[in-house]
Amino acid sequence: MENIIELDNVTKRFGGITALNKASLKVTRGEVVGLIGDNGAGKSTLIKTLVGVYSPDEGDILIRGKKVNAWNALKARESGIETVFQDRALTPQQSIVKNIFMGKELRYPFGFIKEKEQIFEANRLIREIGFTSKLINAESPVGNLSGGERQGVAIARAIYNKAELIVLDEPTNNLSLNETQKVFDFVLNVKKSNRSVLFIGHNIYHVYDISDRFVILDRGEVVHQLNKNEISTPEELMKIMRDTIGAH
Amino acid sequence: MSNNNSYLSNYFHRNGRALGSIGYFVLLMVIFLIGAPEAWIRPNLHQSVFVMMPTLIFLTIPLVFLVASGEIDLSFASTYAVAAYVFALLVKNGVDPAICLVLGIFTGAAIGALVGTLIVVFRLSSLVASLGVLFLLRGVILLLSNSRSITIMEVENHWIYPLLVGNFYGFPMQIFWAAIFVIFCYYFFNKHVFGIHIQHVGDNSVSAEQMGINVNAVKIKAFMFVGIGSAIGGIFTTMITYTFFPTQGFGYLLLALAAVFVGGTPYWGGLGTIIGAVFGVGIIAYMEIGIIAIGWSGEWRQFFNGLIILLALLGHRLHGERVR
């Protein structure tokens, strides 16, 4: 399978602190990778490096097998890597369609907006991603949606922005069971469309349920990687985590 | 059926506030009609209102943009006079009034840009900073003009006079231009990148920034638009009355702000309604003139203006609080 992105022995330092130490990670097309680790394990630095907020001090970043120099946020987006921020970057009083096209509106000359095309496209996107309620359409205000559904709007926007890899930063934080399931459904639909997801979370059960592969991070190092078929319960994953973290 | 429900609920989300202020306007008309039918039927009541409305529209509608962006401006009432002063002074010195008009509007835009930049760059409170600019500019005007008015009868013989503020078979042209302005602003606010970005910025500026919208530029442009609207209002009024006077515009400060909020634009940003604001202007203008027309003393005017602002706010409350 094609690697969408590959981090090869990436190191990132801030002053005297090594936040990432020779971390290697790859995401192939159509897979959901779960990134787990304690607070301060370097998850945040790893994600920010992946999406180009930070450029690595050492090591290489490869996009579809090709090395990229001077890695930055713009190059990451051009390579089809989109982040869904923890706060989702939505404007709740505006409609779903306005949120999906925020900052990237479809325009006629002189800046007038192609409203009908936007609404058509937004309705298609939210159905594709798995919105089933007939009470919700592209013109519904985001503020009327539940937490899980808002996550869905942010994911739909990432897909519209031609994302090949969607980075979800703690997407199930503060969500009820029901809402978490909705987010899982959205993620599965993204996977079905042959896109990839990097799922970051500190709830092991959530990460276990949704991911095909797990990457365990500790003190800036990737300490273990395994496929889901190597284990059969989230408890096993938890045990592996306990055994690897602090053991190296 | 459920599709109908979502359609209706979306419709009310988008238009509820405008419908609210249309409701108040109709209610006010009914009260006038019942309270003083003979005054209401007299055409000169409505004529007076229609003389006042265009100026108030040029001031109020751009304020809807600014308030929706999450800011406020009080200095527009002085910008109005500065632009009128530039216009009148240049006309008096023999410059072609069409050029004076352009320069006057340019002055308004420049003041708006300065006020906006000041507030955005130094992260000042727009309420307090624009209050400062309001007094500062008024002071500048009083000093420059020596507190004297300027009469410009000569403007009547120029082609822009009949085009902008003349009578077209008894129809005042400024109403036509105000209507064009409203239609333009309706599309500008709802269907143009400018208006849409203003709504995102006023709703959640952090989100807007994350999605690549230049928040500061959007806000400065909104301040500029308020400056342009004030300049148009000031110059039109100066042409209609053939006179610039140095205290001009002060009386519109609270009326225009009242029209924005009575019109259904909430104070917290992210939302706004152009149609609502037009009816807000209608309500304020009819209150100003109607109270006198039905034979009550002018003292009641302020009382009722205050009452209607409070009632309108309470009514708009029904459309719900801010969603986050």
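Predicted model: local features only at pLDDT ≥ 70, side-chain atom pairs only at ≥ 80, totals over all residues.

Student: What is the strand order of the open sheet in chain A, and how many strands has it?

Tutor: The general idea is that strands of a sheet pair through backbone hydrogen bonds, either parallel or antiparallel. In chain A, six strands form an open sheet in the order β6-β7-β8-β3-β9-β10, and the pairing is mixed. From one strand to the next, the twist averages 20°.

Student: Why is one side of β6 and of β10 of chain A left without a neighbour in the sheet?

Tutor: These two strands, β6 (81-84) and β10 (221-227) of chain A, stand at the edges and have a single partner strand each, so one side of each has no neighbour in the sheet.

Student: Which pairs of strands may I examine as examples?

Tutor: Begin with β6(A) and β7(A), which run parallel and are joined by four bridges. Here A:E82 has A:I166 in β7(A) as its bridge partner. Another parallel pair is β3 (residues 32-36) and β9 (residues 213-218) of chain A, with four bridges. In that pair, A:L35 is opposite A:V215 of β9(A).

Student: Which residues lie on each face of β6(A), and are they buried or exposed?

Tutor: In a regular strand the side chains alternate between the two faces of the sheet. In β6(A), A:I81 and A:T83 are on one side, with A:E82 and A:V84 on the other. All four are buried, and both faces of the strand are covered.

Student: Which helices lie across these strands?

Tutor: One of them is helix α5 (residues 147-160) of chain A, which lies across β6 and β7 of chain A at about 165° to β6(A). Another is helix α1 (residues 43-50) of chain A, lying across β3, β6, β7, β8 and β9 of chain A and running at about 150° to β7(A).

Student: How should I describe chain B as a whole?

Tutor: Count its elements, then consider its overall form. Chain B has 14 helices and four strands. Its radius of gyration is 20 Å, close to the 20 Å that the globule rule gives for 324 residues, so chain B is as compact as a globular protein of that length. Of these 324 residues, 49% count as buried.

Student: How many residues does each chain bring to the contact between them?

Tutor: Chain B contributes 25 residues and chain A contributes 24 residues. On the side of chain B, the elements giving two or more residues are α1 (2-35), α9 (193-203) and α10 (205-210). The residues on that side are eight nonpolar, 14 polar and three charged.

Student: Which residues touch the most other members of the largest nonpolar core?

Tutor: This core has 165 residues, and those touching the most other members include A:I155, A:I166, A:F199, B:L56 and B:I284. Helix α13 (residues 274-293) of chain B gives the most to the core, with 14 residues. Beyond its neighbours within four places in sequence, B:I284 is in contact with B:L56, B:L255, B:A258, B:A259 and B:V262.

Student: Where is B:T273 found, and is it buried or exposed?

Tutor: B:T273 is in the loop between α12 (252-262) and α13 of chain B. A residue counts as buried if 20 or more other C-beta atoms lie within 10 Å of its own. B:T273 has 27 within that distance, and is therefore buried.

Technical notes: Residues numbered from 1 in each chain as written. Chains lettered and ligands numbered in written order. Core = buried A, V, L, I, M, F, W, Y, C linked by C-beta atoms within 7 Å. Buried ≥ 20, exposed ≤ 12 C-beta atoms within 10 Å, placed from the backbone. Contact = placed C-beta atoms within 7 Å. Pairing = 2+ DSSP bridges. Axes fitted to C-alpha atoms, helices over the stretch in contact; angles between N-to-C directions. Nonpolar A, V, L, I, M, F, W, Y, C, P; charged D, E, K, R; others polar. Rg over C-alpha atoms; globule rule 2.2 N^0.38 Å.
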